[in-house]
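Please walk me through this structure, from its chains to the contacts between them.

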Amino acid sequence: MEVISNQSEQKLVRLCKKNDAKAQYKLYKQYSKGMYNLALRMTGDQNEAEDILQDAFIKAFQEVHKLKNEKAFGGWLRRIVVNHCIDSTRKKKLVFIEMEKIKDQHTEMDGVEESIDPGLIHAMIKKLPDGAREILVLRALEGYKHAEIGEQLGISESTAKTQYFRAKQLLAKMLNDWNNEERSGKNIVGEAIKA
Amino acid sequence: MKKDLEKILLEKRLKLDMEEPENDLVWEGIRSGLQKKSKLPDWFWKVAAIFIFVVSATYFIANERSQKQVVVLTLADISKDLGTQEQTLKQQVNLKWEEVEKQLPDNNPEIQFLLQQLNDMDAIYNSYQKDLNRTLDNEPVIQAMLDYYEKKIRIINRLLMEIEKQKQVEPEMEFEHI
């Protein structure tokens, strides 16, 4: 991936404010992968993630003139992608996970092998149920607070908190299960990523 | 060694971005979306709204004024008799004024005062005419307009008297000098 320095990114953002197509393309190339993977983890669906990526960039380029701090383009774009994902989530009926066996506290079940493959984590997040997946991504990877998540998804703060702990435990369980199977001789990481 | 998932997620956050989007396809969609939705900037609409408002307001005011200017009623528009009466008075005023105009002296304070009164009366007459336009057949206004001519005649008569007085004073002064 081509790394663009802060200064040249600011220049590109300024050019985007003048509707410069080349600058728009450069910024797209710079951020498309990260934003796509974020949308993918939020939605769990490739087509939906690509639609969100497209709409988010259109919105960003149309409204870039409103961005006063040109250095903050990346964070601002990330926020747009998250908002689009949340809008898309609102259209679905979220079914929150019921796992009575799993406690709402930190347990040993939250622990996973330190050397775990990031590709496997990414693949397993995508496999989490709707609701749990969004909450986990928003909290653990995007740094949203429980109250903010609750507000965005239309649930209470305590539900957001509980669902987060449950999602985390479920993800840990899924990762450990895959790891155990791999130890027993199957090459399942590659399969999981493909899936 | 096992570690808390939350910590692992934070550490490996940047390495999680494993997949590539269909870049060409998405970019094509972005370009066509931008062209389709390309809209004029907000400031343009603000300027356009102000422009339309100013043009409409100017048109409205100009239209109002021109309408007021076009429809000017005179006493003749109200009745033929009033028109004849006004015409007769106007003629008397004009004849007397012609007489005065020929012999107007310079720098006589009394005469200047009377001339100023005539100007003031013309201004008052204009306001009567506006009232007549607004109220149409309004008896007090009609009477005030007819009175205007009579008052004007009285002032012109006083002017004539002053001029006569002036004429009498001037030979006496010349005689004194001799």
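What follows takes the chains first, then their interface, then selected residues and salt bridges.

The model is predicted. Chain A has nine helices and one strand. Along the sequence the order is α-α-α-α-β-α-α-α-α-α. Chain A holds 195 residues, and 53% of them are buried. Its accessible surface is about 9700 Å², with 46% on carbon and sulfur atoms. Take the contacts in chain A between residues at least 6 apart in sequence: 72% of these join residues at least 24 apart.

Chain B has seven helices and one strand. Here the order from the N terminus is β-α-α-α-α-α-α-α. Chain B has 178 residues, of which 27% count as buried. It exposes about 13200 Å², and carbon and sulfur atoms supply 57% of that area. Of the contacts in chain B with a separation of 6 or more, 75% are between residues 24 or more positions apart.

Now the interface. In chain B, 31 residues are in contact with 45 residues of chain A. Together the two chains bury about 3600 Å², and 60% of this lies on carbon and sulfur atoms. Three residues, B:Leu5, B:Glu19 and B:Trp27, supply 18% of the area that chain B buries against chain A, more than any other three residues. The polar side of the interface comes to 18 residue pairs in polar contact, both partners at pLDDT 80 or more. Three elements of chain B each give two or more residues to the side that touches chain A: strand E1 (2–4), helix H1 (5–11) and helix H2 (23–37). H2(B) gives the most, with 10 residues. By class, this side of chain B has 13 nonpolar, four polar and 14 charged residues.

Five salt bridges cross between chain B and chain A. One of them pairs A:Lys126 with B:Glu19, at 2.7 Å from N to O. B:Glu19 is also among the three residues named above for buried area. Another bridge joins B:Glu6 and A:Lys168, again with an N to O distance of 2.7 Å. This pair runs from helix H1 of chain B to helix H8 of chain A. How accessible is each partner? B:Glu6 is partly exposed, with a relative accessible area of 24%. A:Lys168 is buried, at 0% relative accessibility.

What does A:Asn37 touch beyond four places away in sequence? Its partners there are A:His122, B:Leu16, B:Asp17, B:Met18 and B:Glu19. A:Asn37 counts as buried because its relative accessibility is 0%, and the cut-off for buried is under 20%.

Just after H6(A), A:Gly143 takes a positive phi of about 75°. A:Glu142 lies in the loop between H6 and H7 of chain A. Is A:Glu142 buried or exposed? A:Glu142 is buried, because its relative accessible area is 16%. Leaving aside residues up to four places away in sequence, A:Glu142 touches A:Leu38, A:Arg78, A:Val82, A:Val137 and B:Arg13. A:Leu38 is 104 residues away along the chain, yet its C-alpha atom is 9.1 Å from that of A:Glu142.

Over all chains the structure holds 18 salt bridges. Within chain A, A:Arg79 bridges to A:Glu148, with the closest N and O atoms 2.6 Å apart. This bridge links distant parts of the chain: A:Arg79 is in helix H4, A:Glu148 is in helix H7, and 69 residues separate them. Both are partly exposed, A:Arg79 at 37% relative accessibility and A:Glu148 at 26%.

How values were computed: Residues numbered from 1 in each chain as written. Chains lettered and ligands numbered in written order. Predicted model: local features only at pLDDT ≥ 70, side-chain atom pairs only at ≥ 80, totals over all residues. Heavy atoms only, no water. Helix = DSSP H or I, 4+ residues; strand = E, 2+ residues; numbered from the N terminus. Buried < 20%, exposed > 50% of the residue type's maximum accessible area, 1.4 Å probe, protein only. Contact = heavy atoms within 4.5 Å. Areas by Shrake-Rupley, 256 points an atom, 1.4 Å probe, with all protein chains shown as cover. Buried area = accessible area lost by both parts, 1.4 Å probe. Salt bridge = Lys/Arg side-chain N within 4 Å of Asp/Glu carboxyl O. Polar contact = N/O pair within 3.5 Å; in protein donor to acceptor, adjacent residues only side chain to side chain. Nonpolar A, V, L, I, M, F, W, Y, C, P; charged D, E, K, R; others polar.
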